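Thanks for coming, everyone. Let me put the sequence and the structure up on the screen, and then I'll talk you through the parts I picked out.

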Amino acid sequence: MVLNDKSTGKPNSKRHGPRSGSERQRPELEAKPGLDARMAASRILAAVIDRKTSLDGMLDAEHGNPAFTALNDADRSLVRAILQTALRHLPRIELILKELLDSPLPEGARALHHLLIVAATQMLYLDIPDHSAVDLAVEQANRDPRNRRFAKLVNAILRRIGREKQALLEYVSDVPCMPDWFLDRLIDIYGEDHALAIAAAQLEPVTIDLTVKSDPETWAKTLGGRVLPTGTVRLDPFKGTITALEGFEAGEWWVQDTAASIPAQLFGSLDGKRVADLCAAPGGKTAQLVLAGATVTAIEQSQSRLRRLAANLERLKLQAETRCINLLEIEDEEGFDAILLDAPCSSTGTTRRHPDVLWTKDSADIAKLATLQERLLRHAITLLKKGGRIVFSNCSIDPIEGEMLIDKVLADHPDLRIVPVEPANWRGLEEAITPRGEFRTTPAMLADKGGLDGFYACVIAKT
């Protein structure tokens, strides 16, 4: 890579800026506005990248990372924006930093690495003045005994990013924003073109989708959105809060990605049917099943998640029996007419919303989760009446957690068969239906309408 030195206008292929330097320990300074937010972002980023900690839990307003919960609302919003943006663009940011360093950072300088990522994210991808990002990053370095001697390096690297921003962004524009292990996996599964389209899709703005109780066309007009092939109302970008929108308090709709709304629709009419929603929280699919006419038993092993489900159903003015129990411990002599198992998975189809997923999981985690899902599905089958149907689904885009898992289970159960989904019933989503009639969405689909999460769903009948 050759960049122009803006001070001379000449190409400069050698990186400059001090690698280290001694600096006297500074007395404790008064708090600088915004500094605590940057420090919190660096610590949480370290937890995600180095310790594989899920981002959602750390950004919980009440029980999250202490550095985060201590911030005011505005700073919390900033930290969220920094972290989500950094994780979405991480391979590009790390390549830029690598290009601007004469040599790799010293062993053990992870805190410095995360500090530079947080600052570079603000300068490259967020609407934050360069001088503010640089000043606060240098201040952060000076206040950390591990990084104090690198304060001049931080200043030099970030100022170069400010001067050469557009050239740097152009240089990394073709770098897929995924870890190599996962991109290679997607190429093997989907081919290079589709895999790169999935990688590109995770950089697109996240949409807000609503499942409505009835009349999606009217709600789309009322709320300023459009109706997708699933019947979901997708909102046009807006500023404000979801809870302030018309229909929220009245319980006329709930937030649910369009792909996540598909599995519950695959049963068709459920009038008079006894249905189990396994792994039911937060309750969107439970609500769909109730509206389809079912008598629903919603099952969760987490008491806190079950309380959240109950609160959501109360707002929606819908009723379902709830049970707090481990799915593998469920016994039911009567049996269910239908079962929805939206199983815990790697969540690799949701990286637009949860960009930490690809940095907190690896291939071993995917295999482990697939084993758990197989156990759950095999037990769920024992709860299904003869003649009943089970829909197995998850938000993974890896066949180990989908098609391959179903193959293993069907091979041991001659009384089970796949009920093919009919493409004619899903106009606009035909490409998401596999040759044997399963649903397989990826984030690259519906690109002209704002995309969707990756999801897998299969209907199985017990004969």
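Let's start at V175, which you'll find in the loop between α9 (165-171) and α10 (180-190). Buried or exposed, or something in between: what does V175 count as? With a relative accessibility of 21%, V175 counts as partly exposed; the cut-off for buried is under 20%. Now look across from V175 to L196: the two are 21 residues apart along the chain, and their C-alpha atoms are separated by 9.8 Å. Before I go on, please keep in mind that this is a predicted model.

Next stop, another loop residue. L203 lies between α11 (192-201) and β3, and at 25% relative accessibility L203 also goes down as partly exposed. How far apart in space are L203 and R352, C-alpha to C-alpha? That comes to 6.7 Å, for two residues that are 149 apart in sequence.

Why can we call β3 largely enclosed by the rest of the structure? Because 4 of its 5 residues are buried.

D215 is in the loop between β3 and α12 (216-223), and its phi is near 55°, which is positive even though the residue is something other than glycine. D215 is partly exposed, at 41% relative accessible area.

K317 is another one with a positive phi, about 60°, and it isn't a glycine either. You'll see K317 in the loop between α15 (303-316) and β9 (321-324). Is K317 buried or exposed? Exposed, with a relative accessible area of 57%, where the cut-off for exposed is over 50%.

And while we're on the backbone, look at the bond from A281 to P282: that peptide bond is cis, with omega near 10°. P282 has its place in the loop between β7 (274-278) and α14 (284-291).

I'd like to show you the second largest pocket, which holds about 370 Å³. How many residues line that pocket? There are 15 in the lining, and L101, P104, L105, R110 and H113 lie nearest the centre. Two helices, α5 (90-100) and α6 (110-125), each supply at least two residues of the lining. The largest share comes from α5, with 4 residues. By type, the lining of this second largest pocket divides into 8 nonpolar, 3 polar and 4 charged residues.

Last, let's zoom out to the chain as a whole. The secondary structure comes to 18 helices and 14 strands. Of the 463 residues in the chain, 54% are buried. Along its principal axes, the C-alpha trace spans about 75 × 45 × 45 Å. How does the radius of gyration fit in? A compact globule with 463 residues would have a radius of gyration near 23 Å, and the chain has 25 Å, so the two agree.

That's my tour. Happy to go back to any of these spots on the screen.

Methods:
Residues numbered from 1 in each chain as written. Predicted model: local features only at pLDDT ≥ 70, side-chain atom pairs only at ≥ 80, totals over all residues. Heavy atoms only, no water. Buried < 20%, exposed > 50% of the residue type's maximum accessible area, 1.4 Å probe, protein only. 1 Å grid on protein atoms, 1.4 Å probe; cavity = no way out; pocket = protein on both sides within 12 Å on 5 of 7 lines; lining within 4 Å. Points joined across faces, edges and corners; volume = space filled by probe spheres on them. Nonpolar A, V, L, I, M, F, W, Y, C, P; charged D, E, K, R; others polar. Rg over C-alpha atoms; globule rule 2.2 N^0.38 Å.
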